[in-house]
Amino acid sequence: MKLAVLISGRGSNMATLIEACESPDYPAEIVLVLSDRAAAAGLAHATARGIATRVIDHEAFDERADFEADVSAAIEASGAELICLAGFMRLLTDGFVERWRDRLINIHPSLLPAFKGLNTHQRALDAGARFAGCTVHFVRVQMDEGPIVIQAAVPVRGDDTAESLAARVLAMEHRCYPLAVRWIAEGRVRVTGATVRIEGAENPAPALINPTGAGAR
Ligand code: GRF
């Protein structure tokens with residue numbers, strides 16, 4: 001399956017997708033990395049790995065729809081069949097989302113539907129959450145909503161800062177995104193209404209409790 005990866009910055013999730021695609025038994029290849037910012041650090045990494053990159057600067061457009069029309073045209077020209085948002089910081093309009101419906105996925109650094117939007121780690125800490133995590137989901141018109149493909153949960157520790165929690169979650173993002181793309185590329189993922197079924201996916205081991213300690217079982 002041909003992928004377009006959309007980034008705005010660091011591109012560490014993009015890098016894990018590139019690495020996955022370099023493995024011979026991985027059922028996907030990246031045909032385009034597209035950024036809305038020329039300064040996105042991930043662009044250099046993609047170029048170094050021999051992947052076509054394109055910058056479409058959102059600031060060059062007065063209308064969001066015109067920006068998105070150019071983005072869509074570039075993706076279509078690349079032959080991509082699935083768009084992976086990976087730290088792409090532009091909100092997408094209904095027109096774009098509907099055009100790519102069920103061919104557009106995103107990774108978000110929280111256990112959705114909790115903590116949509118930005119600053120998810122600090123907000124999880126402020127809320128006293130005992131678990132944080134990440135979500136890969138199909139994109140719908142409402143921001144950070146859509147059928148969930150995979151989530152990973154990590155414990156929040158008493159001495160966590162937003163940075164330490166972000167690092168723990170990011171390590172899980174790097175596991176989840178290549179897995180989700182693999183399953184989609186293998187044709188094992190069905191979206192039915194708000195939910196996703198994955199052929200052959202296993203249910204996890206028993207629940208986790210955080211904190212553990214006296215009295216916890
Ligand atoms: C990740 O935390 C991702 O979940 C969020 O934006 C961040 C992008 O990081 N959507 P990177 O550019 O992939 O390193």
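## Second largest pocket

The second largest pocket has 16 lining residues, with I150, Q151, W183, E202 and P204 nearest its centre. Here a pocket is an open set of points on a 1 Å grid over the protein atoms alone, where a 1.4 Å probe fits and protein lies on both sides within 12 Å along at least five of seven lines; lining residues have an atom within 4 Å of a point. Two elements, β7 (148–155) and α6, each give two or more residues to this lining, and β7 gives the most, six. Helices (H or I, at least four residues) and strands (E, at least two) are DSSP runs numbered from the N terminus.

The volume of this pocket is about 530 Å³, taken as the space filled by probe spheres set on the grid points, which are joined across faces, edges and corners. Its lining has twelve nonpolar, two polar and two charged residues. In this count Ala, Val, Leu, Ile, Met, Phe, Trp, Tyr, Cys and Pro are nonpolar, Asp, Glu, Lys and Arg are charged, and the others, Gly among them, are polar.

## Basis of the model

The model is predicted: local features need pLDDT of at least 70 and side-chain atom pairs pLDDT 80 or more, while totals for chains, interfaces and linings use all residues. Residues are numbered from 1 along each chain as its sequence is written, and side-chain values use heavy atoms, without hydrogens and water.

## Largest pocket

The largest pocket holds about 1,000 Å³ of space. Of its 38 lining residues, G87, M89, I107, P109 and L118 lie nearest the centre. α1 (12–21), β5 (104–108), α5 (120–126) and α6 each supply at least two lining residues, and the largest share, five, comes from α6. By class, the lining has 17 nonpolar, 15 polar and six charged residues.

A nonpolar core is a set of buried Ala, Val, Leu, Ile, Met, Phe, Trp, Tyr and Cys residues joined through side-chain atoms within 4.5 Å. Buried means under 20% relative accessible area, exposed over 50%, and partly exposed in between (1.4 Å probe, protein chains only). The largest core has 42 residues, and V5, I30, V33, C84, I105, Y177 and V181 touch the most other members. Helix α6 (residues 162–185) gives the most to this core, eight residues. A second, separate core of 20 residues includes A4, L32, L92 and W100.

Beyond its neighbours within four places in sequence, I105 has contacts that include C84, F138, Y177 and V181; contact means heavy atoms within 4.5 Å. Helix α1 is largely enclosed by the rest of the structure because eight of its ten residues are buried. These are S12, N13, M14, T16, L17, I18, A20 and C21. They pack against β1 (2–7), β2 (29–35), α2 (42–48), β4 (82–85), β5 and α6.

Strands β8 (residues 189–192) and β9 run antiparallel and are joined by four bridges; strands pair if DSSP finds at least two bridges between them. R190 has R197 of β9 as its bridge partner. Two residues separate the strands of this hairpin, and G193 in the turn has a positive phi of about 60 degrees. In β9 (residues 195–198), V196 and I198 form the covered face, and T195 and R197 the uncovered one.

R140 lies in the loop between β6 (131–138) and β7. R140 counts as buried because its relative accessibility is 14%. Leaving aside neighbours within four places in sequence, its contacts include R101, D102, E145 and V191. R140 and A194 are 54 residues apart in sequence, with their C-alpha atoms 9.9 Å apart.
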